[in-house]
Amino acid sequence: MAKKEREQKALVIETVFFATPGTFFVLVSIAYAFVTDAEPIGTMALVGLAFMFFFVTGYLWLTSRRVDFRASDNEEGEIAESAGEVGEFNPHSWWPLVAGIAATVVAGGFAVGWWLFGIGIVIGIIAVVGYAFENNRGVYAH
């Protein structure tokens, strides 16, 4: 690998984008724990936030080792360099709507009762399975 290729890492901006708030929340959680005498709920919430940002940072860092250098990673790149086929998508799908209905029913279940929560979970499972397998049958099967 040439020196220039090693210097050109993909997904650097995305990795820094998530690492910066992760570092911020680590510092804030330390300060919060010190100021509040280690209040458990707030401290764990801030540590959880830092963990979530570093989780995404780690994923992007691992992914950057597998993907090629993109035009968007080049500071002098042009938008036209990114033109071309992006991926394969369905022209339409009803499953995101079903997933949204399931999320609404689950949220309503917190207010109304656990029976509605359970119905929402069942609808959510159906939506996830339907969304995952929608390209295995029908006109857009592959």
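1. A residue is called buried when its relative accessible area is under 20%, exposed when over 50%, and partly exposed in between, using a 1.4 Å probe and protein chains only.

2. A word on how to read the model. It is a predicted one, in which local features need pLDDT of at least 70 and side-chain atom pairs count only at pLDDT 80 or more, while totals for chains, interfaces and linings use all residues. Residues are numbered from 1 along each chain as its sequence is written, and side-chain values use heavy atoms, with hydrogens and water left out.

3. Now for confidence. pLDDT is the predictor's confidence in each residue, from 0 to 100. The chain has a mean pLDDT of 86, with 92% of its residues at 70 or more. Where pLDDT is low, the predicted coordinates should not be read in detail.

4. What does the overall fold consist of? The chain has 5 helices and 0 strands; here helices (H or I, at least four residues) and strands (E, at least two) are DSSP runs, numbered from the N terminus. The radius of gyration of the chain is 22 Å, well over the 14 Å that the globule rule gives for 142 residues, so the chain is more spread out than a compact globule. That radius is taken over C-alpha atoms, and the globule rule is 2.2 Å times the number of residues to the power 0.38. The C-alpha trace spans about 60 × 60 × 25 Å along its principal axes, and buried residues make up 19% of the 142 residues.

5. Contacts come next, where contact means heavy atoms within 4.5 Å. Of the contacts in the chain with a separation of 6 or more, 64% are between residues 24 or more positions apart. Threonine 15, in helix α2 (residues 12-35), gives you an example: not counting residues up to four places away in sequence, threonine 15 touches Thr57, Leu60 and Trp61. Threonine 15 counts as buried because its relative accessibility is 14%.

6. Phenylalanine 18 also sits in helix α2. With a relative accessible area of 24%, phenylalanine 18 is partly exposed. Leaving aside neighbours within four places in sequence, phenylalanine 18 is in contact with Phe53, Val56, Thr57 and Leu60. The C-alpha atoms of phenylalanine 18 and glycine 58 are separated by 9.3 Å, although the two residues are 40 apart along the chain.

7. Rings of Phe, Tyr and Trp (its six-membered ring) pair if their centres lie within 6.5 Å; planes under 30 degrees apart count as stacked, over 60 as edge-to-face and the rest as tilted. The structure holds 8 aromatic pairs. In one of them, phenylalanine 18 and phenylalanine 53 have ring centres 6.1 Å apart and planes at 40 degrees, so the pair is tilted. This pair links distant parts of the chain, with phenylalanine 18 in helix α2 and phenylalanine 53 in helix α3, 35 residues apart. The rings of tryptophan 114 and phenylalanine 117 have centres 5.2 Å apart and planes at 75 degrees, so that pair is edge-to-face. Both tryptophan 114 and phenylalanine 117 lie in helix α5 (residues 114-133), 3 residues apart, about one turn of the helix. Ring pairs also link Phe17, Phe18, Phe24, Phe25 and Phe53 into a cluster.

8. Which residues of α4 are buried? They are Ala102, Val105, Val106 and Gly109. These residues cover an arc of only 100 degrees around the axis, which puts them on the same side of α4; the arc is that of the directions from the helix axis to the C-beta atoms. On the other side of α4, Thr104, Phe110 and Ala111 are exposed. The buried residues of α4 pack against α5.

9. Finally, a backbone detail to check. Most residues other than glycine have a negative phi. Aspartate 37 has a positive phi of about 60 degrees although it is not a glycine, and alanine 38 likewise has a positive phi of about 60 degrees without being a glycine. Alanine 38 lies in the loop between α2 and α3 and is partly exposed, with a relative accessible area of 48%.
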